Amino acid sequence: MMAGLPASLSGQDVGSFAYLTIKDRIPQILTKAIDTLHRHKSEIFEKHGEKGMEAEKKAISLLSKLRNELQTDKPITPLVEKFADTDIWNQYLEYQQSLLNESDGKPRWFHSPWLFVECYLYRRIHEAVIQSPPIDDFDVFRESKEQNFFESQEPIMALCIHLQELKKTIEDLGENQLKNEFFKLLQISLWGNKCDLSLSGGETSSQKVNIMNSLEGLKPLILVNDTERLWSLLSSRKKTREDVPITRVDIVLDNSGFELVTDLILADFLLSSKLATEVHFYGKTIPWFVSDTTIHDFNWLIEEVKRSGHKGVSGCGVDWEGYVKAGRWVYHDHMFWTLPHAFCAMPQVAPDLYAELQKAHLILFKGDLNYRKLTGDRKWEFTVPFHQALNGFHPAPLCSIRTLKAETQVGLLPGQGEQLTVSEPHWLTTGKYGIFQFDGPL
Ligand SMILES: O=P(O)(O)OC[C@@]1(O)O[C@H](CO)[C@@H](O)[C@@H]1O
Ligand SMILES: [Mn+2]
């Protein structure tokens, strides 16, 4: 499977999105993280006293040192703090070293694969925090994830009310009506991915307008649309429900806040429509790419929805808590999702996780980073088939639901990418365009 893989995206390519992310956006994210620690000084003092003050100072100095390493393109150094994945990370760093020849020296920020460098950055932020007890559980991104939720209350309310209405009549919907509702909620989950904080460098990217009304207008921005495949897979299983009592859909989550609400609404619809009988979610074990969902974020958001003053919203929270309690929604934590590996390495690196995913009848991968890891973050030709770019990663029928925020895309029609480059030079990285890209039994 390894034969003839194209080169990785890298900060080596001056002017590329990778280069601009490492040069501009990541220092901005580090500065915001440092600023967040500063602004929580009094809260940390109240909670931990003098020891907390020392810890806050230490974490800030470690993050400042990290920013300096990055901005001066220093060699990438091994992780030093003992943690569950420290050894795997340092093995991967040695692997990156082995790819370089003598003259190249050490792996460096602007000279190593972008995927590795960006993941390493967030793992170093985590290391700075766990090296600073007693604030070693501090999530430097929590405030911005919560802010994204609170600033998106209007569209969240509209979506929850829509779902509650839909659930009242869902038994009476005809096949076609159910399909259309399914497609609408898939599109809402797709566009929920547009607002991620790491793209905006941590600036608020909450959802302002109510996307229910703009779906029609957004359809031309969907470059690959395999949603019919999702419908036929799930609806045919539903028809033969007697002999196939279980349909499990796994959702590999991306961002917390508004996007997570759109994913939970989709997951609720999957159960209420009986297109699925159980949904499994995968989040991140440490704070990741600014807005990615941790188990704390998952539980916090369901609780916030349940506590809403609006009964249309709180009703959803009550149902969602019920699904978790009944084991119909299952949340999985696994360290693999915050390692730097492309997903084709999962059978070797995390065979237990690969075996878990193989139990799903359909896996939905949300977001841009997941797409980059599905396809190895490489400079593929636009027309290379998605199946080929997965490089052997086929745990189950899967679909990427992603807005484009990185200079990598496969499975396009001949000329489609070139045409977009002419009409919209930054179509790969603005998050304006999206895909539903499916890989399953041919
Ligand atoms: O996975 P998400 O949340 O959709 O996107 C995360 C992400 O956009 O942040 C980086 C920019 O720093 C992107 O390259 C990366 O894919
Ligand atoms: Mn993300």
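These questions and answers cover the domains, the nonpolar core and the sheet of a predicted model.

In this predicted model, local features need pLDDT of at least 70 and side-chain atom pairs count only at pLDDT 80 or more, while totals for chains, interfaces and linings use all residues. Residues are numbered from 1 along each chain as its sequence is written, and chains are lettered from A and ligands numbered from 1 in the order in which they are written.

Reader: Which element gives the largest share of the side of domain 1 that touches domain 2?
Author: The domain assignment, automatic or from a database, gives domain 1 (17–130) and domain 2 (142–439). In contact (C-beta atoms, placed from the backbone, within 7 Å) are 19 residues of domain 1 with 19 residues of domain 2. Helices (DSSP runs of H or I, at least four residues) and strands (E, at least two) are numbered from the N terminus; those giving two or more residues to this side of domain 1 are α1 (17–39), α3 (86–98) and α4 (114–130). The largest share, eight residues, comes from α4.

Reader: Which residues have the most contacts inside the largest nonpolar core?
Author: A nonpolar core is a set of buried Ala, Val, Leu, Ile, Met, Phe, Trp, Tyr and Cys residues joined through C-beta atoms within 7 Å. Buried means that 20 or more other C-beta atoms, placed from the backbone, lie within 10 Å of a residue's own; exposed means 12 or fewer, and partly exposed is in between. The largest core has 114 residues and draws at least three residues from each of domain 1 and domain 2. Those with the most contacts inside it are L270, V279, L362 and L364.

Reader: Which are the edge strands of the open sheet of seven strands?
Author: Two strands pair if DSSP finds at least two bridges between them. The order is β1-β7-β6-β5-β2-β3-β4, with mixed pairing. Pairing on one side only marks the edge strands, β1 (222–225) and β4 (329–333).

Reader: Is strand β6 largely enclosed or largely open, and why?
Author: L398, S400 and R402 on one side of β6 are buried, as are C399, I401 and T403 on the other. Because six of the six residues of β6 (residues 398–403) are buried, the strand is largely enclosed by the rest of the structure.

Reader: Which residue in β7 is the bridge partner of T403?
Author: Six bridges join β6 to strand β7 (residues 434–439), and the two run antiparallel. In β7, the partner of T403 is G434.

Conventions
Two residues are in contact if their C-beta atoms, placed from the backbone, lie within 7 Å.
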